[in-house]
Amino acid sequence: MFYTSGYDAGKNSALVVIRQWECETTDEIISATTQQFARYGWLILRDIELSVNQREITCTVIKNVEAMIHTGKSDTPVCYFLEGFMCGYLEVVFNKEDMVCEEVSCQAMGDDVCRFVIKPKFWEK
């Protein structure tokens, strides 16, 4: 439920940022996104990287509200909404379809950052 809600919110938010900030390039969208997230205090976006073969996107964030509630107290990643949000958002930003996101490190588990890997669904095992 949280992942799906986040996914829908991410897609819609990306379209709003592109329109409101009048972004024309991927770099402009990422810059606007970084500023937007920081402005609302939701999280700090450290970086977004597209792999060399352009099949995988890695997103790193800190001070993620969803994880900060549980910092150091969870055995598993807890950022379900943000996981979905990043998937939907970055599908729009990088003009990709049918992606899936996995949180591979989480501040709720005591990790330094929350890191998300977004890749095509057909790579799932």
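The following legends describe close-up views of a predicted model.

In this model, local features require a pLDDT of at least 70 and side-chain atom pairs count only at pLDDT 80 or more, while totals for chains, interfaces and linings use all residues. Residues are numbered from 1 along each chain as its sequence is written, and side-chain values use heavy atoms, with hydrogens and water left out.

**View A. The salt bridge between Glu 91 and Lys 11.**
The structure holds one salt bridge, a term that denotes a side-chain nitrogen of Lys or Arg within 4 Å of a carboxyl oxygen of Asp or Glu. The side chains of Glu 91 and Lys 11 form this contact, with an N to O distance of 3.0 Å. Glu 91 belongs to helix H4 (residues 80–93) and Lys 11 to helix H1 (residues 2–20), so the pair ties together parts that are 80 residues apart in sequence. Helices (H or I, at least four residues) and strands (E, at least two) are DSSP runs, numbered from the N terminus. Glu 91 is buried, at a relative accessible area of 2%, whereas Lys 11 is partly exposed at 27%. Here, buried means under 20% relative accessible area, exposed over 50%, and partly exposed in between (1.4 Å probe, protein chains only).

Phe 37 is buried, with a relative accessible area of 6%, while Trp 42 is partly exposed at 22%. Ring pairs connect Phe 37, Trp 42, Phe 81, Phe 85 and Tyr 89 into a cluster.

**View C. Gln 36 in helix H2.**
Gln 36 is located in helix H2 (residues 26–40). With a relative accessibility of 12%, Gln 36 counts as buried. When neighbours within four places in sequence are left aside, Gln 36 is in contact (heavy atoms within 4.5 Å) with Val 17 and Trp 21.

**View D. The surroundings of Glu 83.**
Glu 83 is part of helix H4 and is buried, with a relative accessible area of 13%. Residues up to four places away in sequence not being counted, Glu 83 touches Tyr 3, Cys 101, Glu 102, Glu 103 and Phe 116. Glu 83 and Glu 103 are 20 residues apart along the chain, and their C-alpha atoms are separated by 6.4 Å.

E3 and E4 run antiparallel and are joined by six bridges; two strands pair if DSSP finds at least two bridges between them. Val 100 has Lys 119 as its bridge partner in E4. Lys 121 is placed in the segment after strand E4 (114–120) and is partly exposed, with a relative accessible area of 44%. Apart from neighbours within four places in sequence, Lys 121 is in contact with Asp 98, Met 99 and Val 100. Between Lys 121 and Glu 97, 24 residues apart in sequence, the C-alpha to C-alpha distance is 9.1 Å.

Most residues other than glycine have a negative phi. Gln 54 has a positive phi, near 60 degrees, and lies in the loop between strand E1 (44–50) and strand E2 (57–62). At 47% relative accessibility, Gln 54 is partly exposed. Asn 95 also has a positive phi, near 55 degrees, and is situated in the loop between H4 and E3. With 71% relative accessibility, Asn 95 counts as exposed.

**View G. A nonpolar surface patch that includes Phe 2.**
Met 1, Phe 2 and Tyr 80 make up a nonpolar patch on the surface, with about 390 Å² of accessible area together. Patches consist of residues with over 30% relative accessible area and no salt bridge, like charges being joined within 9 Å and nonpolar side chains (Val, Leu, Ile, Met, Phe, Trp, Tyr) within 5 Å. Accessible areas come from the Shrake-Rupley method with a 1.4 Å probe; for residues, only the protein chains shown count as cover. Phe 2 lies in helix H1 and is partly exposed, at 49% relative accessibility.

Note on methods
Rings of Phe, Tyr and Trp (its six-membered ring) pair if their centres lie within 6.5 Å; planes under 30 degrees apart count as stacked, over 60 as edge-to-face and the rest as tilted.
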